[in-house]
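Subject: Structure handover

Hello,

Here is the structure you asked to look through. My notes on it come after the display.

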Amino acid sequence: MTIETDFSLEVDQNAISATQGKGFSRLLERPKIAKTFEEILGHLPNLYEPHLIWDIFSVKDIDEKSFLLENGTTIGGGPVSHVMKGATQVILGMCTVGIKFDVKIEEYYQSGKKLASVILDGVASFLVDQVRETFFKNITQKMLNEGKFLSIPLCPGESLWDVSDHTKFFKLLQPEQINMSLKESMLMIPMKSLSFMLGVAAQPFELKDKTRCDFCPMQAKCRYSQSKLGKTLCD
Ligand code: SF4
């Protein structure tokens with residue numbers, strides 16, 4: 001498996017402001033909120049500790065629900081087989097921006113700075129998604145250079161793929177190496193952590209005009225949705 005940490009922190013104030021919702025730019029006209037936001041942006045370089053761990057696994061078989069890997073693990077659920085049909089390998093990965101965000105969010109909350117806690121929570125979610133998206137961009141190019149194609153990425157819990165498959169991610173990737181852990185509730189620690197699976201094949205996958213949000217039950221409501229149904233930041 002490979003561990004990557006080279007994810008630069010790009011503090012694009014407009015993009016980060018957009019993570020707080022459409023009305024946030026108006027709220028920033030209030031001096032107190034603008035000061036809180038500025039303080040949060042100033043903390044980011046000290047909080048941001050990005051790590052991503054990933055590996056590639058050969059596929060032995062596939063049924064309508066899941067993949068059987070050569071190592072004997074069965075993984076998948078929800079739309080996984082439909083989206084990744086034809087994959088001869090799968091890439092599994094997990095990433096985080098680190099525990100310092102959890103500590104700071106809680107510190108803000110406990111000291112009564114609830115707005116700062118909420119803003120930082122949204123910013124941290126945006127940053128961990130950026131880590132994952134940067135990886136997707138890089139691995140897509142790497143695979144294309146090798147004459148291979150990638151499917152849409154899917155994640156346990158972001159579709160009808162049950163979040164309990166995180167136990168398999170932990171067994172296969174051992175993300176304890178990047179200080180991630182899993183609670184019995186399947187909540188990953190640090191809180192700002194994500195997982196993903198991509199199919200790899202010698203031919204392009206179908207459904208290339210879709211995004212992972214098109215398979216997510218939250219697609220119409222989620223603030224970050226890239227689905228056409230979503231009334232979101234991406235509109
Ligand atoms: S709709 Fe939201 S929660 Fe669902 S996959 Fe897209 S970004 Fe993630």
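Predicted model: local features only at pLDDT ≥ 70, side-chain atom pairs only at ≥ 80, totals over all residues.

How many disulfides does a search of the whole structure find? The search finds zero. For background, a disulfide is a covalent bond between the sulfur atoms of two cysteines.

Overall build

The protein chain contains seven helices and nine strands. Its radius of gyration is 18 Å, close to the 18 Å that the globule rule gives for 235 residues, so the chain is as compact as a globular protein of that length. The C-alpha trace spans about 60 × 35 × 35 Å along its principal axes. Of the 235 residues, 46% count as buried. Among contacts with a separation of 6 or more, 73% are between residues 24 or more positions apart. The chain exposes about 12,500 Å², and carbon and sulfur atoms supply 52% of that area.

The cores

The largest nonpolar core has 38 residues, and I91, F101 and F135 have the most contacts inside it. Two or more residues each come from α3 (31-47), β2 (51-62), β5 (89-96), α5 (99-110), α6 (114-145) and β9 (193-201). Of these elements, α6 gives the most, with 13 residues. To see what surrounds F135, leave aside its neighbours within four places in sequence: F135 is then in contact with E4, F7, L52, W54, I91, F196 and L198. There is also a second, separate core of 27 residues, which includes F57, V83, I178 and M188.

Around T73

T73 sits in the loop between β3 (67-69) and β4 (74-75). Is T73 buried or exposed? With a relative accessible area of 17%, T73 is buried, because buried means under 20%. Its side chain makes a polar contact of 2.9 Å with the side chain of N71. Beyond its neighbours within four places in sequence, T73 is in contact with F67, L68, K168 and L172.

Helix α7 and what follows

Helix α7 covers residues 166-173, and its buried residues are H166, F169, F170, L172 and L173. L172 has already come up as a contact of T73. Just after α7 comes Q174, with a positive phi of about 50 degrees. Q174 belongs to the loop between α7 and β7 (181-182) and, at 42% relative accessibility, counts as partly exposed.

Backbone points to check

Most residues other than glycine have a negative phi, and most peptide bonds are trans. Which residues depart from this? Q174 does, as a residue other than glycine with a positive phi. M186 does too, with phi near 75 degrees. M186 lies in the loop between β7 and β8 and is buried, with a relative accessible area of 18%. As for the peptide bonds, a cis one joins I189 and P190, with omega at about -5 degrees. P190 is in the loop between β8 (188-189) and β9.

Regards

Conventions
Residues numbered from 1 in each chain as written. Heavy atoms only, no water. Disulfide = S-S within 2.5 Å. Helix = DSSP H or I, 4+ residues; strand = E, 2+ residues; numbered from the N terminus. Buried < 20%, exposed > 50% of the residue type's maximum accessible area, 1.4 Å probe, protein only. Polar contact = N/O pair within 3.5 Å; in protein donor to acceptor, adjacent residues only side chain to side chain. Contact = heavy atoms within 4.5 Å. Rg over C-alpha atoms; globule rule 2.2 N^0.38 Å. Areas by Shrake-Rupley, 256 points an atom, 1.4 Å probe, with all protein chains shown as cover. Core = buried A, V, L, I, M, F, W, Y, C linked by side-chain atoms within 4.5 Å.
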